[in-house]
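Subject: Structure handover and findings

Hello,

Here is the structure for you to look over. My notes follow below it.

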Amino acid sequence: ARQFQRNDFNRFNLVLAMDHSNLARLEEIAPSNLSPEKLMLFRSFDPENKDGLDVPDPYYGGSKGFEAVYQMVERTCPPLLDYIKYRFLNSQ
């Protein structure tokens, strides 16, 4: 792993933040003309995001914290994959 760099916005089609704190840091280094569809919260694709859009740090929730985050990721990945397919594969 490495720290996200400003030029990474040019390298990647989609950048996902896991919580609002990381999103704010990414927005600080983002180019001013960055499309809002390029930087998003991971859980914005979660069909059950009623409890907010942040993915909590599982280390502070014990074994239940890891299970909760696993469930979030498991249900969020299929809609995220659908979005990626639609957005990036249909536009070619």
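Is E37 buried, partly exposed or exposed? E37 is partly exposed, because its relative accessible area is 40%. Here buried means under 20% relative accessible area, exposed means over 50%, and partly exposed lies in between (1.4 Å probe, protein chains only).

Some ground rules. This is a predicted model, in which local features need pLDDT of at least 70, side-chain atom pairs count only at pLDDT 80 or more, and totals for chains, interfaces and linings use all residues. Residues are numbered from 1 along each chain as its sequence is written, and side-chain values use heavy atoms, with hydrogens and water left out.

Salt bridges

The count is 7 salt bridges. The rule asks for a side-chain nitrogen of Lys or Arg within 4 Å of a carboxyl oxygen of Asp or Glu.

E37 pairs with R87 at 3.1 Å, N to O. E37 sits in the loop between α2 and β2 (39–41) and R87 in helix α3, so this bridge ties together parts that are 50 residues apart in sequence. Helices (H or I, at least four residues) and strands (E, at least two) are DSSP runs, numbered from the N terminus. R87 is partly exposed, at 28% relative accessibility.

R43 bridges to D51, with the closest N and O atoms 2.8 Å apart.

R75 and E48 form another bridge, with 4.0 Å between the closest N and O atoms. R75 belongs to helix α3 and E48 to the loop between β2 and α3, so the pair ties together parts that are 27 residues apart in sequence. R75 is partly exposed at 23%, and so is E48, at 43%. Through shared partners, salt bridges join R43, D46, E48, D51 and R75 into one network.

T76

T76 is in helix α3. What does T76 touch, leaving out residues up to four places away in sequence? The list is F42, R43, F45 and D46. Contact means heavy atoms within 4.5 Å. T76 is buried, with a relative accessible area of 0%.

Nonpolar cores

A nonpolar core is a set of buried Ala, Val, Leu, Ile, Met, Phe, Trp, Tyr and Cys residues joined through side-chain atoms within 4.5 Å. The largest one has 10 residues: L14, M40, F42, F45, V55, V69, M72, L80, Y83 and F88. Helix α3 (residues 62–89) supplies the largest share of this core, with 5 residues. Another core lies apart from it, with 8 residues, including F9, V15, L26 and L41. Beyond four places in sequence, F88 touches N13, L14 and Y83.

Largest pocket

The largest pocket holds about 220 Å³ of space. Its lining is Q3, F4, F12, L14, V15, L16, N22, R25, L26, E28 and I29. Two elements give two or more residues to this lining, β1 (15–17) and α2 (20–29). α2 gives the most, with 5 residues. By type, the lining divides into 7 nonpolar, 2 polar and 2 charged residues.

On method, a pocket is an open set of points on a 1 Å grid over the protein atoms alone, where a 1.4 Å probe fits, with protein on both sides within 12 Å along at least five of seven lines; lining residues have an atom within 4 Å of a point.

Best regards

Technical notes. Points joined across faces, edges and corners; volume = space filled by probe spheres on them. Nonpolar A, V, L, I, M, F, W, Y, C, P; charged D, E, K, R; others polar.
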